[in-house]
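Grab the sequence and the model, and let's work through a few exercises together. Try each task on your own before you read its solution.

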Amino acid sequence: MQMLKQFSKEYSFFLAIFTFVGMHFFEYILLESNIGNFLGFGILFVVIIYAAMSVAHHAEMLAEKFGEPYGTLILTMSAVIVEIVIIVIMMMQAHNPELARDTIYSAIMLDINGLLGLSAIIGGLKYGEQPYNVDSSNSYLSMLLTAIGVAMVLPEFIEPAYHMRFMMFNVVVFIFLYIIFTRVQLMSHKYFFEYQNREEQVCPEGEVCQAHSEINGWYHGINLVLSIIVIGMLAEILSLFMANTLTLFDLPLAIGAVGVAVISAAPELITAVRAAIDNRMQTVINIALGASLATVLLTIPAVIVVSYLLGMELNLSLTPIQTMMISLTLLVSMVNFNDGETNILEGFLHFILFVVFVFLLFV
């Protein structure tokens, strides 16, 4: 009874269902006019972001129950699943071979430069410097450099006749890499991704810290899955409105990829900003760099398999501008995140790169 009462307050879920039913009946009427198309796109985008906030809430509760690094792993996996669902649906609707590449690129820019940069600025203004475990940033960045180079830069130097064979090879390699990295993160080198602040409560010697038994893991886990499902349902309709809106305002197709990245990153952004305010920079590092790595290692195999099964064309090779922006991002990250502390200057450097990324979308 208590659980039903609690579920009745899941307003974002019920709003998403109501919006889906409403759009199902009025979809074609709205698509016939410019105003209706723009209105439909705006409503769907806002409702999906609201549903993504629900994903963030339930992931945060699970994170609090299970602790680090399990919490951020749950959050990043949820965001990546949302991203994969939306990308696959929009690929099937728009038949855009560059959509997956642009979305992955946008997600990396948003996570590392936007999310991490903004969090470091907020944390720097409040605390000056915020400590974290440098082993975590080194591990994430080395994995990112390898994965991005192999999947999105190397194909440019491979004969087109061997592209599909190389992409299928990447599916196997990336799944293997993610399994190994997850095992390292959760078992053998779990301490790489943890940092104990002085003000955080530490268990007295000889005593065992009790888990958050008051948090119902099943309840939040089920609602997390339901929220991801309704986001996927709404994304199928959003893809139609997004394509028409971009055409209506003569905007570049890459804007659609940024929209997908924003939706998937919304739960992470909310959680990261809260963590920065609470002086938990380790959580921010785990979210921003972990989400970028999960995006590359999981989204790429997913879209390769889907494009192969459905016979769709797929292009994952970065453009020269994208290659330069990712190279700058990783280079600045390796310089900034090698001392175990973030500050406001490092935050501004990454945020400036994010501003440049947004500017280049319209050039």
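This is a predicted model: local features need pLDDT of at least 70, side-chain atom pairs count only at pLDDT 80 or more; totals for chains, interfaces and linings use all residues.

**Exercise 1. Work out which helix gives the largest share of the lining of the largest cavity.**

Step 1: Settle the terms. On a 1 Å grid over the protein atoms alone, a cavity is a set of points where a 1.4 Å probe fits but cannot get out, and lining residues have an atom within 4 Å of a point. Helices (H or I, at least four residues) and strands (E, at least two) are DSSP runs, numbered from the N terminus.

Step 2: Find the residues. The lining of the largest cavity holds 11 of them, and L73, Y140, Y178, Q185 and G290 lie nearest the centre.

Step 3: Assign them to helices. At least two lining residues come from each of α4 (70-94), α7 (163-188) and α10 (281-310). The largest share, 4 residues, belongs to α10.

Residues are numbered from 1 along each chain as its sequence is written, and side-chain values use heavy atoms, with hydrogens and water left out.

**Exercise 2. Describe the lining of the second largest cavity by class.**

Step 1: Count the cavities of 30 Å³ or more: there are 2.

Step 2: List its lining, which is made up of A79, V80, E83, A107, D111, A261, S264, A265, E268 and T295.

Step 3: Sort by class, and you get 5 nonpolar, 2 polar and 3 charged residues.

Step 4: Look at the helices. α4, α5 (99-127) and α9 (254-277) each bring at least two residues, and α9 has the largest share with 4.

**Exercise 3. Now for an open space: find what surrounds the second largest pocket.**

Step 1: Its volume is about 220 Å³. A pocket is an open set with protein on both sides within 12 Å along at least five of seven lines.

Step 2: Of its 13 lining residues, Y105, A254, Q322, L360 and L361 are closest to the centre.

Step 3: α5, α11 (320-336) and α12 (344-361) each supply at least two lining residues, with α5 giving the most, 4.

Step 4: By class, the lining comes to 8 nonpolar, 3 polar and 2 charged residues.

**Exercise 4. Is N37 buried or exposed?**

Step 1: Locate N37 in helix α3 (residues 34-66).

Step 2: Check its relative accessible area, which is 2%, so N37 is buried. Buried means under 20% relative accessible area, exposed over 50%, partly exposed in between (1.4 Å probe, protein chains only).

Step 3: Look for its partners. Leaving out residues up to four places away in sequence, N37 touches L30, L31, F241, N244 and T245, where contact means heavy atoms within 4.5 Å.

Step 4: Step back to the chain. Of its 363 residues, 52% count as buried.

Methods: Grid points are joined across faces, edges and corners, and a volume is the space filled by probe spheres set on the points. Ala, Val, Leu, Ile, Met, Phe, Trp, Tyr, Cys and Pro count as nonpolar, Asp, Glu, Lys and Arg as charged, and the others, Gly among them, as polar.
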